[in-house]
Amino acid sequence: MRKKIFQYVQSHSDEILREWIELMRGEADERAIQAMSDHMFVKTSSEFVQLVMSNFSDSEQKFNERAIDFSEKIVRLGWPLTMITEGLRVFGKIVERGMQQTGAIDQYSYIDFTTEINNWMFPMYRTITEAYTTSWERTISLQKIALQELSAPLIPVFDKISVMPLVGTIDTERARQIMENLLEGVVNHRAEVVLIDITGVPVVDTMVAHHIIQAAEAVRLVGAKCTIVGIRPEIAQTIVNLGINLEDVTTTSTMKKGVEQALAATSRQIVEVQE
Amino acid sequence: MDSSVKIINEWDIVAARQLGRNVAKELGFGTVDQARITTAISELARNIYLYAGQGEITIEKVENGAKKGMTIISRDQGPGIPDLRKVMEDGFSTSGGLGAGLPGVKRLMDEFSIESEPGKGTLIQSVKWLR
């Protein structure tokens, strides 16, 4: 039976591909189609069908390699996983219908056929979804690393003065990094004043405020001063509404003012040079 | 029209906030009110994440005669709150936080109601009207 299916698939490959593309266009997720041009869709589709067919002829290892290559590609293209599982199901259906029409299977050999096609399809489902999710996981972990790299840098701007610009959402993990980098940086750069810039933090809720207060307190304990700069008017109002007490932390509206204060605190100022 | 976000992990808080901000923008809220609304959502979603484990934030547009606004509904099947009066006090916290969350949300929004039953869960509804 396996041989029969193989022969059918090989000799009707063009037909199967055409039918598959047509059916998938109808069933596929809008996202998948919008994400790519028609030409790309046909190209990727034929690659997918070829991959499925190669499962007959190639060795297991070679098939796995191809599946991984293909998966990486479609993850980049933004094809959803459902497109793949749906694609395999449609492929099976096309082969079944085609073989019924040509009379290759009848009602007696039908059970035989389904067993065989399932034996063939299920490991393939497994391999392809596994390769797909692995590619996804890899992408996500890479992004996570990239995100971590820019999460909380401490920049020495003047002697004794360092700046930590924060951009984006602060979650527990990031709050931990802020604290770590802050304390480590204060000691390494011998900073006396640290300016934490929150211009780029979209929402300051009680948790974020709590972390900032804790960070400021910790900085004070290692002998430096901490100023929060870049408090936007709407953030100031929500902080007041929330009833958060920031009295123990110095704050300014802009980085410029913060730097001026920091220089004053370390007994320095910026003067214009007389010609 | 209403839409909701399931809160299961910390990143869902960001998703709920984003949804709220978009609706607030659409309704024509100013930047200060947008900040108030997103902060309120952030508090409520974080409470779900911290205390109930999982739940749901639903955003609804509301209309009352000529008035327009939006409701934030926070629903969970968590442990519930044994003493409602206490959690509405400033500075009360069981998790070592600032204890400004719920009373803060009440001040950020125009209307606020809370129902909770120990062992069953908590339902919080709060409305912000467009001025």
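1. First, a term: a nonpolar core is a set of buried Ala, Val, Leu, Ile, Met, Phe, Trp, Tyr and Cys residues joined through C-beta atoms within 7 Å. Buried means that 20 or more other C-beta atoms, placed from the backbone, lie within 10 Å of a residue's own. The model is predicted, with local features needing pLDDT of at least 70 and side-chain atom pairs pLDDT 80 or more, while totals for chains, interfaces and linings use all residues. Residues are numbered from 1 along each chain as its sequence is written, and chains are lettered from A in the order in which they are written.

2. The largest nonpolar core has 62 residues, and A:Val194, A:Ile196, B:Leu44 and B:Ala45 touch the most other members. A second, separate core of 24 residues includes A:Val52 and A:Ile84.

3. Look around A:Val194: beyond its neighbours within four places in sequence, its contacts (C-beta atoms, placed from the backbone, within 7 Å) include A:Met164, A:Leu182 and A:Cys226.

4. Chain A is assigned domain 1 (2–148) and domain 2 (155–265), with bounds from an automatic or database domain assignment. Their centres, taken over C-alpha atoms, are 52 Å apart.

5. Where the chains meet, 17 residues of chain A are in contact with 21 residues of chain B. On the side of chain A that touches chain B, helix H9 (206–221) and helix H10 (233–242) each give two or more residues, and H10(A) gives the most, with 6 residues.

Terms used:
A residue is buried if 20 or more other C-beta atoms lie within 10 Å of its own, exposed if 12 or fewer, and partly exposed in between; C-beta atoms are placed from the backbone. Two residues are in contact if their C-beta atoms, placed from the backbone, lie within 7 Å. Helices (H or I, at least four residues) and strands (E, at least two) are DSSP runs, numbered from the N terminus.
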